[in-house]
Amino acid sequence: MRGRWEETTTAVRLWSFSLFSLALGCGLAGYAAFTLEAPVGQPFQIAWPALAVMFLIAEWLDVDIEVRKEAHTLTFTEFPLTLGLILATPGDLVIARLVVSAIALPLLRRRLDPVKVVFNAGIFGVDVGLALLVFHGLLGSSSPAQLDGWIAALGAVAVSHLVSAFLVATVMRIAGAPVTWRSEVGVIGVSLSAALAGCAVAIGASGALWRDDGGRSWVLLLLIGLAIGYFFVAYMRIRERHQDLATLHVFTTSLAAHRAADEMSATVASGLAEVMRAQQVVLLIPDGERISRVELRDGEIVSDESHHDVDDIDWASAIGLAGRQKTSGGDLPSIAGVTVSDSKNLITARLPLPQRTGLIVVSGRVSSVRAFDDEDVQLLETAAGHAAAALHNAQLVDHLGQEARFRAHQALHDEVTDLPNQRSLTEQLDGQLALGSRLVMLTVRINSLREVNETLGRNMGDEMLRQVAARLRPLGRRSWCARSGTDEFTVVVPGGQEEGDMLAERVIAAFEQPVLCHDVALAVTVGVGVALAPAHGIESEMLLRRASLAASRSLLDGTTVTTWASDRDPYDPHRLTIAADLRDAIPAGELQVHFQPQMDLATGLVTSAEALVRWRHPRLGELRPDQFIPAAENTGAIDALTIHVLTVAAETAAGWHGSGWDLDVAVNLSARNLANANFADDIAAVLDAAGLPPSSLTLELTESVVMTEAERALRTLQRLHDMGISLSIDDFGTGYSSLAHLRRLPVSEIKVDKSFVFDLTTSESDEVIVKSMIDLGHNLGLSVVVEGVETPEVRSRVGELGSDRLQGYLLSRPLPGPAFEHWLADRPIRLRGDAPQGRVINLDHRR
Ligand code: C2E
Ligand code: CA
Ligand code: CA
């Protein structure tokens, strides 16, 4: 913002300089008009009105060139000027030029302000006066029709042009335009060559007229002049459009990057200002119930999140106003807060967002020389289309992010007490244990919770938990506390037995007084259990279980504090064996692969199956993957496991292909697999041996795997993709951070996590999130699978939301190979060969 004082001085300086130019121009022109005689031997003289008309036409056929946001106007006045020098009296030439500048031009260009009129009159005076003086000085007493005349004319035009260009540049600097002498040299270079060209043409024309005595060549010259002028103007317009398209291209590519919604709207606003060469851009962006208004003005972004009532705005007339010549400014004093003072200097366009249309208002052309026209409206509409798509994507990403952050907090915190939950406790412990810290785990089990819940109600029970949490939280500066179970809290402090004893004492003391729940005093009996790291274990899960066991022991024995001891733990040996047994499980044939079908929603055909591993443990019975996959990952057995599953899956799928079924198969990967440099080669070998084409295999990775920045993992993914294998993001939506990565990765599919799907038809937020994920996936060109579909209601909702495929218990649970094929028998299956898509074929006869 410039201060008032500064503005005043600028105005004063502008006026002074303009008046100075006027004085100079009048002086030079007057002196030339009164002292100079017409050149010798003129065959005839062009009268001043004819010259004035020519000047007017030349001014009218102007062309804008823009240098650093400042408009410069190129005219063809050198043509009549040169003609006048050679074929008119100096007095007539001066009069013609000044009539145009003083009367005709201000009328022609309604927008010129007084200081400009004064300055232009001065410039014209300088121009014509200097030209006459230089011309006659160089010509002396020679005839203008000779070579001397040509040189004199060219010299006169060059000098007068340079001097007036210098004056123009000076006045622009005074006005505060960012003109540098360097940029000015470029502009003057162009305009000077145009001036000399105009002069040369005029010399030629006057030569013809001179010999012809002003006969018929007039008409011809006029036509040629008009045609050249017309083509030049047309060329400049085309060039301008071309530049517009180039800036539009830059704009659309700038939208490709992932950004948060507010950042994206700022990018859109400034990009549009650039494309439309406008000073002010206002966006009204609807997002659900909210509408945000983003304004770019003089390079600064102001955004406003408040609720704008869009319906108040008369959209139809706002849009009808776009680029029109007639203004209805009376009915519509402002659009989206932009004052409609001059409808030619303001255009609007719809912002076609899918749910609700927004609005773009663009005003304040940077160069005030030419207003917006129909082609600008078209350009803005095109840009608006791109902007809407980018804004929509950014909004989707934002929603997902908010939801994911909310869920992340929920996932790691207990709803009732807002303390960290079991999962977050384990994660924190793992971190500490990995550093080899000495830690005390102290578990506090509440004896009376169930009783309170049953006799006084859940509300009272919850309040009691909150009160207990409030007493445990401040126990020690270096301690932290989590809710580790329904009736259980765990406090962790650094240290050993001694610290454990001290902490236990404080815990017991904390519950000597009853807790107050909704004005009822409740006595809380607790049992405390202590486990120590590393003395009692170095794995969080084991340590927590031991502390918990010890706490139960305390309650059972009626003692207050128990420290874990191995001779009293009944569970231990079992678990330790899993990791050890896993090594022999594959050779022993204990690992099996089950298959769960996926159905294409558009055709209703079964198109693929996911391979899921099972372990039939000789002593522990059937184990679920989550009971042994982590152990496999930790012990390094995961590579053998994955290759085993893959081998079985590939062989089975090749068998399906043999039966004429076009079924793909999906196999789950672990992050560890990608760290193995030979992994891609191993997969290629397995596919080769089984005779399964790579295009029939999908590998599923979780978002955390995809998040990895490890170069080797990314290289492996790229190689797998290059081999023709599809990559799918499993459990999509449970980790937000990978979204930005998605574009960088050769992924072709996302699998919406089942946790969002179970309550799809009852939870509005789940529905919004699933829809966002499906839309986002499609916008990124990915196909979308929804897993965990258990009911027909969810199935039809998932179809309406646009998912490509589904998987879930509704279709079938994971089944062993033979059972899966049996299941397939009376289902429509996608067939190999030329079977038309979407036709249902009964396969019963195959069996
Ligand atoms: P996942 O990849 O998300 O697999 C889907 C899991 O959801 C499977 O559990 C499947 O039985 C279950 N599921 C499918 N439809 C429904 C449904 O409609 N409702 C419900 N409630 N559940 C459904 P599963 O087989 O216990 O597998 C658990 C996880 O173990 C898998 O999750 C996957 O991450 C991992 N896993 C399974 N097999 C392998 C394997 O061969 N290698 C690796 N690395 N991980 C595996
Ligand atoms: Ca999976
Ligand atoms: Ca999954």
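# Calcium site, salt bridges and a nonpolar patch

The calcium ion (ligand 2) is coordinated at 2.1 to 2.3 Å by Glu610 (OE), Asn668 (OD1), Glu700 (OE) and Asp730 (OD). Donors are N, O and S atoms within 2.8 Å of the metal (3.2 Å for Na, K and Ca), and water is not among the atoms, so sites may look incomplete.

This is a predicted model, in which local features need pLDDT of at least 70 and side-chain atom pairs count only at pLDDT 80 or more, while totals for chains, interfaces and linings use all residues. Residues are numbered from 1 along each chain as its sequence is written, chains are lettered from A and ligands numbered from 1 in the order in which they are written, and side-chain values use heavy atoms, with hydrogens and water left out.

Student: Which residue coordinates both the calcium ion (ligand 2) and the calcium ion (ligand 3)?

Tutor: The donor residues of ligand 2 follow the spacing E-x57-N-x31-E-x29-D. The two calcium ions are 4.3 Å apart, and the residue that coordinates both is Asp730.

Student: Is Glu700 buried or exposed?

Tutor: Buried means under 20% relative accessible area, exposed over 50%, and partly exposed in between (1.4 Å probe, protein chains only). Glu700 has 1% relative accessibility, so Glu700 counts as buried.

Student: Which residues are linked with Glu610 and Glu700 in a network of salt bridges?

Tutor: A salt bridge is a side-chain nitrogen of Lys or Arg within 4 Å of a carboxyl oxygen of Asp or Glu. The structure holds 25 salt bridges. In the network, Glu610 and Glu700 are linked with Lys751, Lys754 and Glu787.

Student: How many residues apart in sequence are the parts that Asp664 and Arg830 tie together?

Tutor: The side chains of Asp664 and Arg830 meet in a salt bridge, 3.3 Å from N to O. Asp664 lies in strand 20 (residues 664–668) and Arg830 in the segment after helix 27 (817–825), so the pair ties together parts that are separated in sequence by 166 residues. Helices (H or I, at least four residues) and strands (E, at least two) are DSSP runs, numbered from the N terminus.

Student: In which helix do Glu403 and Arg407 both lie?

Tutor: Glu403 forms a salt bridge with Arg407, and their closest N and O atoms are 3.0 Å apart. Glu403 is buried at 16% relative accessible area, whereas Arg407 is partly exposed at 22%. The two are four residues apart, about one turn of the helix, and both lie in helix 11 (residues 374–412).

Student: Is Glu463 buried or exposed?

Tutor: Arg466 and Glu463 meet through their side chains in a salt bridge (3.2 Å, N to O). Both lie in helix 14 (residues 458–472), three residues apart. Arg466 is partly exposed at 35% relative accessibility, but Glu463, at 13%, counts as buried.

Student: Which helix gives the most to the nonpolar patch?

Tutor: Patches are made of residues with over 30% relative accessible area and no salt bridge; like charges are joined within 9 Å, nonpolar side chains (Val, Leu, Ile, Met, Phe, Trp, Tyr) within 5 Å. Val53, Ile57, Trp60, Leu222 and Leu226 make a nonpolar surface patch of about 500 Å². Helix 2 (48–60) and helix 8 (217–254) each supply at least two of its residues. With three residues, the helix that gives the most is helix 2.

Student: How many of the ten residues of helix 3 are buried?

Tutor: Helix 3 covers residues 78–87 and is mostly covered. Its buried residues include Glu78, Pro80 and Leu81.

Key. Areas by Shrake-Rupley, 256 points an atom, 1.4 Å probe, with all protein chains shown as cover.
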